[in-house]
Amino acid sequence: MFELVKFHNSRWFNVVLFVIFFSLPFVLYWDLFSANKSIVTGDGIQFFTQKAFLGSSLVQGDFPLWNKFLTNGTPFALDFTNSAFYPIALILSILPFKLLMYSFYAIHLAIGSFFTYLFTKEIGCGKVASLCTALIYELSIHMGGYRKEHIVIIVTIVYLPAILYFIQKYMITKRIKWLLLSSVAMTFQFYIAYIQDVVYTDIAAGIFLLIVGLYNKIKLKKIITDGLLWGLSYLGLISFQLLPTVQLVQEYGQSGATAASIEYFKGYSIHYMKLLMMLFPRIYGENVYEPFGTAYSSGFDIELFLGVFVLLIILFGATRYFTDFRIKLSLGMMVGAFLFSANAHIPLLSEFLYQIPAINGFRVPSRALFIFIFFALVLFAITLSKLSVPRQSENFYRFSKWFALGICSVLCCAIFANLINLMSVQKFNFDDIRTFYNYCKIVFLPGLLVLIAAYFVAFSLYKGSKKWSGAQYNKVYGCFGVVIVLFTIVETNSFSTISRSTNFEVFNLKDKASQVIAQNIGNYKVWDAFPGIDGGHESFISQNSNLYKGISTINAFIPFNNPRIYKLFSNGNQAPLNFTGLLTGSLNAEDNLLLQNDLLSMLGVKYIIDSSNLINEKGEIKKIIGEKAVVYEKDIISIPDLMGKVFVFSQPVAIKPQTYYKVEFNANSVGQQELFYVDLYGGEKYDQPEQQKNFHIQVGTSRHTGYVYSGDSAAIDNIYLRVVSTPTSEMHITNFVITEMETQIQEHVYKPFLIDEGNRIFENINAKDILYVPQKTMSIKDVNDIYGNIYDYDLSNVSYIENFKNVDLTNTNTNISVGNFKNNSIKAVVHSDKPSFINFSQNYYPGWKAKVNGKETQIYMVNGLIQGIEVPMGDSEIEFYFFPRILFVGGFITLLTLVVMAYIIVRESRKDPIVLNNNT
């Protein structure tokens, strides 16, 4: 027995405990693991494909500062959402894909559970209570269920217990090293990437430090001084990733990425009525993940259900032990987190929070519920620990009895009232009662049975406490903890272990399309001509599986999308700054194929996945070559502020079938408009996407141009030109003109490449190589004109550069021999009989450098997106390489911070502890 107690108090116990926590996910999902299936789809897949790309690059000795495989090139390591410098990702990424996915999930659940155990012990909870809480935390719906789809959220929020544990150690010891270790845990959390919950965690940790510090009578001056050191060390440690990310946001913001609106900020704000799901998870019906709809949802509302036993103990602790500071603090953090999560349903709170920088850029405020759930479990641990004292069992028994009776009474009244209401209906049907009975059986019966079981367990504990010895009660108390965990697992398991799965074979070159494309693609790219934005859309490159296959694509499933490429594909529309699925397809896909072959060719798009049958049997494209006649014009259209209600301006118009029409106008708007489009409308039979053009109207005056296609309009008697908006401010449309355009058709531009039952893949015969010479360079005053008037530019043959020079290169003979194109560089040998210009069809981004014959040369942004350099006559060796200096500046700051932190910790450890305590 002595040896067992000794082991229980040893460090080996902690090691074994961590291993157990790590092993549990493999046990829970063994059926999927053994069947070679993933535990996630969607967002989860794109997260792990990024890690697999990191690992494969590391194995090849080529750390990916740049990613050439997605959206025509992205700054991989500079984008914190890729967590390229996260230590655990660096280590685990070299594992096989399946083992990477499961190990990554398991180790983070182990981190969260282990530090939940340590934290609850550190605040004074017993080992039984701490172990029970840690197990319930790991096996909760919040750590599993469909939340695994957003695996990045899980691996972010698990650091909250670790951060608070180190802060609590600081409170007890007054040693700054624990606060610095807390900043290290915060740094790990930041590097994992999910910035929204990082910010929420930082705020919660700051509040915890201040309140607990004052309660422990630490002088305010010391709290502020040590808190500043804590914050500065945190900023220093994350500088390696923070500075490049700030540069990325600035770069994309300058290119036109839009800010979040208040409606975006309030989206998925949870309704307070959802708290009923903590007792009866199915009270709002079978759709337990978004009852009431998305506007009133956390996205996964079922996560509030922690188990009836757990809720009972939480409520008992909140009412019985409210004077306990730990209880009050936990309740305060819960209330604060919930109010923030439900801000859209609290008058004026959203408007206030929206004014806070950083906070106002996030949607789904209910993602702060992880703080609510964690402190609910802390409250559970504190209360369960108090029940280790025999005399407290009587209070718990009495509370359980009255709580069970109260819930049963309320339900009986509600059921009786509903039955009376059903019977009073004129067309009374016994099927209605049967439906209501089934509803009650599914929704209320499970919770009531557990509640009654909890009452009997509490009764047994109370009765036994009167006759058991202290040692006997301790044993029974340990069994009591086991019973709670088992009941909770049984209750929540069906929600916790639910998964959407994908067979791992889709990430290998198993299918014919992947094999054929991989063998032929070289440095070219693939584009899925999918006319929509949908992370669930499937093809052999979807969910970023192309990363695993080594196939470069224009499509991508990433948080930060390059606004330049989005504007080129969407005719000037601006990209939201953070929208994961934005480039999974293109809302303008048909026009991209038919009218923008020069854009696809410029980007080296050789293979088109025609998933929506947009390419006809002739593989033709259309080129707009001029204007024919104005068919409608209006000097001014005044649009009032309708507070978001629909405004429609409609006029009859005479149009021809199968014809393109140019829409152009000036807009002057007091505010940014959420919806604005121009279309041709002829009733339900003539209302297709090709007859509609969406425009993004910003504050102030702006010029807009777009095209609509009349299509098969011959059989439509009356066709109307419509301007449709949901104005939230006054707006004036001036110089509104509709012009018929002349087009030229070119056939067989898209040649069938792989057409079978599962694929429609075409080859673009005009696709340019990764390095190519244009026919000419042309100077333009403002590159932004390309985005709004793209059909006026010949992107594949001409390099348009701001304030450059006009050079005709048609008679220049330039041969390019491309070397190996790695993640971060490409080299080539060039021979030219005259001075020439070479385009490099990767996205322009700060940090790219170029050398010609060993000397650095200027890189120009070409066509508003790609890169280009001048090369001299004769033989030359050229190189483009990605060397972001901002990354190394951040790295230096981080390294310096580590040195300073090490010095502070060593210096403090040499001090006399007694002297140190006297100073506090």
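The lining of the largest cavity consists of three nonpolar, eight polar and two charged residues. In this classification Ala, Val, Leu, Ile, Met, Phe, Trp, Tyr, Cys and Pro are nonpolar, Asp, Glu, Lys and Arg are charged, and the others, Gly among them, are polar. The model is a predicted one, in which local features need pLDDT of at least 70 and side-chain atom pairs count only at pLDDT 80 or more, whereas totals for chains, interfaces and linings use all residues. Residues are numbered from 1 along each chain as its sequence is written, and side-chain values use heavy atoms, with hydrogens and water left out.

The largest cavity holds about 110 Å³ of space. Of its 13 lining residues, Ile541, Ser542, Gln543, Asn555 and Thr584 are the closest to the centre. Over the whole structure, the search finds five cavities of 30 Å³ or more. A cavity is a set of points, on a 1 Å grid over the protein atoms alone, where a 1.4 Å probe fits but cannot get out, and lining residues have an atom within 4 Å of a point. Grid points are joined across faces, edges and corners, and the volume is the space filled by probe spheres set on the points.

The structure contains 18 salt bridges, each defined as a side-chain nitrogen of Lys or Arg within 4 Å of a carboxyl oxygen of Asp or Glu. One of them joins arginine 398 to glutamate 394, with the closest N and O atoms 2.5 Å apart. Both residues belong to helix H18 (residues 392–423), where they are four residues apart, about one turn of the helix. Helices (H or I, at least four residues) and strands (E, at least two) are DSSP runs numbered from the N terminus. Arginine 398 is partly exposed, at a relative accessible area of 43%, and glutamate 394 is also partly exposed, at 24%. Here buried means under 20% relative accessible area, exposed means over 50%, and partly exposed lies in between (1.4 Å probe, protein chains only).

Lysine 618 and glutamate 747 meet through their side chains at 3.7 Å, N to O. Lysine 618 is in the loop between strand E2 (605–609) and strand E3 (621–639), while glutamate 747 is in the loop between strand E10 (731–746) and strand E11 (750–755), 129 residues apart. Both are partly exposed, lysine 618 with a relative accessible area of 39% and glutamate 747 with 41%. The side chains of glutamate 740 and lysine 628 form a salt bridge at 3.9 Å, N to O. This pair connects strand E10, which holds glutamate 740, with strand E3, which holds lysine 628, across 112 residues. Glutamate 740 is buried, with a relative accessible area of 6%, whereas lysine 628 is exposed at 52%.

An open sheet of five strands runs in the order E17-E18-E24-E20-E21 with antiparallel pairing. From one strand to the next the twist averages 25 degrees, taken between axes that are lines fitted to C-alpha atoms, with angles running from 0 to 180 degrees between N-to-C directions. Two strands are paired if DSSP finds at least two bridges between them. Strand E20 (residues 848–852) pairs with E21 in the antiparallel sense over three bridges, and lysine 851 has glutamate 856 in E21 as its bridge partner.

Asparagine 853 occupies the loop between E20 and E21. Its phi is near 55 degrees, a positive value in a residue other than glycine, and asparagine 853 is partly exposed at 45% relative accessibility. Most residues other than glycine have a negative phi. Threonine 71 also has a positive phi, near 40 degrees. Threonine 71 is in the loop between helix H4 (43–59) and helix H5 (87–92) and is buried, at 0% relative accessibility.

Antiparallel pairing also involves strand E12 (residues 760–764), which is joined to E2 over three bridges. There, tyrosine 607 has glutamate 763 in E12 as its bridge partner. E11 and E12 pair in the antiparallel sense over five bridges, with leucine 754 opposite isoleucine 761 in E12. A hairpin of four residues connects E11 to E12.

Terms used. On a 1 Å grid over the protein atoms alone, a cavity is a set of points where a 1.4 Å probe fits but cannot get out, and a pocket is an open set with protein on both sides within 12 Å along at least five of seven lines; lining residues have an atom within 4 Å of a point.
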